[in-house]
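Me: I have a structure here that I would like to go through with you. Could we begin with its pockets and then move on to other features?

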Amino acid sequence: MFLETEDKLRQTVWEVVHRTPIFDIHTHIYDARFGDLLLWGIDEVLTYHYLVAEVFRYDPMDQQHFYEHLDYQKFYAMPKRKQADLIWAKVFLEHSPVSEAARGVLTTLGLLGMDPRDRNLNLYREYFEAKTAEEHINTVFHVANIEGVIMTNDPFDDKERPVWESGQVGDKRFHAALRLDGLLNNWGEAHTILKSWGYNVKDKLDKTTVAEVNRFLNEWIDRMDPLYMAVSLPPTFDAFDKSDRAKLIHKCILPVSRDRHRPFAMMIGVKKLTNPGLAVAGDSVGKATIEVVERLCLENQKNKFLVTMLSRENQHELCIAARKFNNLLPFGCWWYLNDPMTIDEMTRMRLELLGLSFIPQHSDARVLDQLLYKWAHSRWLIALVLQDKYSDLHRTGWRVTETEIERDVSYLFGGAFKHFLGA
Ligand code: HDL
Ligand code: ZN
């Protein structure tokens, strides 16, 4: 039955967006078999690297509060609980927590049934201290209405690798992504590590080395069963220069991606360690070259590319590139774009240029609890944009049913990705 009035239409869009399960295609969380690689709880939420960068904006060198002169090393040497105390004091109590990352902490507390008005960090800590990781995973997935997540899985991570090698069976809600920054962005080091693992590789990417890298990739695809292979790339990324990275992409990643039906996810535009002292909080952003993406899509039409770009200035041209190449699927409002202003702008742009053939968001959650706020905030924003887009349709005289809205929203929240995989 058609939704005849605009009010009913907008209300239905709101409700459908808020009740549709999400398939989150990029996160940094882990299921419980990975132990303390899975971050959760209020102290992890407060020491999220976005908030670490923000606490230094308030220059916690205020002698009046007897904080000793804080520098990056001193901060990171503090116990996480002390780091969280400082962030809570500076970012939440001494200044209103209006930033997206700060507001997210409060949304998270509220969705877990705590009252942000208490402002009592130790009371919040008691809630988490009473839970196990498995219980909390179930709570967060239920409250956030998450169908499944894709992790970021790095064979070069010395803590993570043994878990995969043990063959333990994981939580079926957690899917793997084979992350290849270690291989592609530092071949000089990667080839010595691969050699130590028994792969017959050398620095020069000769035939034997290429074959051995492909063996490495296939063995990890067999082990992880990743839904895609991913890498983060600098703004200067060029897949056609003479770099080891370019050669590895053309000789190894693209052939294996095609043969094993695992899309290649390129996350482009991150300037690593612009401020090294901030460590994981120290990465910045730069505008990348869309022609590289277009040429890869053109010259590899049997390959599938998931692409997210970090610079706001790359977004419109990424949409246009996606209009030219159906083997290119843009995804998410990544990192510095995961804010109301840019989520709104990018989602409108994508709907107007790509219809429903894109992935509007991923959480990028590093802490389990962040699934709650990142998705609550994004559902809100995506619903507001979709209300306008369906209203625009309504004004043409076109009418939609609730079932069609459900179909469209579930496509955006996981269906487009699964369709792209050929699932
Ligand atoms: O490379 C990535 O996957 C990025 O998302 C980084 O992990 C970044 O530090 C981050 O957490 N962004 O949200
Ligand atoms: Zn990420």
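Me: How do the residues lining the second largest pocket divide into nonpolar, polar and charged?
Reply: In this predicted model, the lining consists of eleven nonpolar, nine polar and six charged residues.

Me: What is the volume of the second largest pocket, and which residues lie nearest its centre?
Reply: Its volume is about 480 Å³. Of the 26 lining residues, His49, Tyr50, Ala53, Glu54 and Tyr336 lie nearest the centre.

Me: And the largest pocket, what volume does that have?
Reply: The largest pocket has a volume of about 1,100 Å³. It is lined by 43 residues, and those closest to its centre are His28, Lys272, Val280, Asp283 and Arg366.

Me: Which element supplies the largest share of that lining?
Reply: Helix α3 does, with three residues. Elements supplying at least two residues each include α5 (80-93), α11 (187-196) and β5 (229-233). By type, the lining of the largest pocket holds 20 nonpolar, ten polar and 13 charged residues.

Me: His28 came up there. What does the zinc ion (ligand 2) have as its donors?
Reply: The zinc ion (ligand 2) is coordinated by His26 (NE2), His28 (NE2) and Asp364 (OD), at 2.0 to 2.1 Å. Along the chain these donors follow the spacing H-x1-H-x335-D.

Me: Where do His28 and Asp364 lie?
Reply: His28 is in the loop between β1 and α2 (42-46), and Asp364 is in the loop between α16 (340-354) and α17, so the pair ties together parts that are 336 residues apart in sequence.

Me: Changing topic: in what order do the three strands of the open sheet run?
Reply: The order is β1-β2-β3, with parallel pairing. The edge strands are β1 (22-24) and β3 (174-175), each pairing on one side only. Strand β2 (residues 146-150) is joined to β3 by two bridges, and Ile150 stands opposite His175 in β3.

Me: Which strands does α17 lie across?
Reply: Helix α17 lies across β1 and β2, at about 120° to β1. Helix α8 (residues 133-144) lies across β2 and β3, at about 115° to β2.

Me: Last one: what lines the largest cavity?
Reply: Its lining is Leu3, Leu9, Tyr390, Leu393, His394, Trp398, Arg399 and Val400. Helix α17 (residues 370-395) contributes the largest share, three residues. The space in this cavity is about 30 Å³.

Notes. Residues are numbered from 1 along each chain as its sequence is written. Chains are lettered from A and ligands numbered from 1 in the order in which they are written. This is a predicted model: local features need pLDDT of at least 70, side-chain atom pairs count only at pLDDT 80 or more; totals for chains, interfaces and linings use all residues. Side-chain values use heavy atoms; hydrogens and water are left out. On a 1 Å grid over the protein atoms alone, a cavity is a set of points where a 1.4 Å probe fits but cannot get out, and a pocket is an open set with protein on both sides within 12 Å along at least five of seven lines; lining residues have an atom within 4 Å of a point. Grid points are joined across faces, edges and corners, and a volume is the space filled by probe spheres set on the points. Helices (H or I, at least four residues) and strands (E, at least two) are DSSP runs, numbered from the N terminus. Two strands pair if DSSP finds at least two bridges between them. Contact means heavy atoms within 4.5 Å. Axes are lines fitted to C-alpha atoms, for helices over the stretch in contact, and angles run from 0 to 180 degrees between N-to-C directions. Donors are N, O and S atoms within 2.8 Å of the metal (3.2 Å for Na, K and Ca); water is not among the atoms, so sites may look incomplete. Ala, Val, Leu, Ile, Met, Phe, Trp, Tyr, Cys and Pro count as nonpolar, Asp, Glu, Lys and Arg as charged, and the others, Gly among them, as polar.
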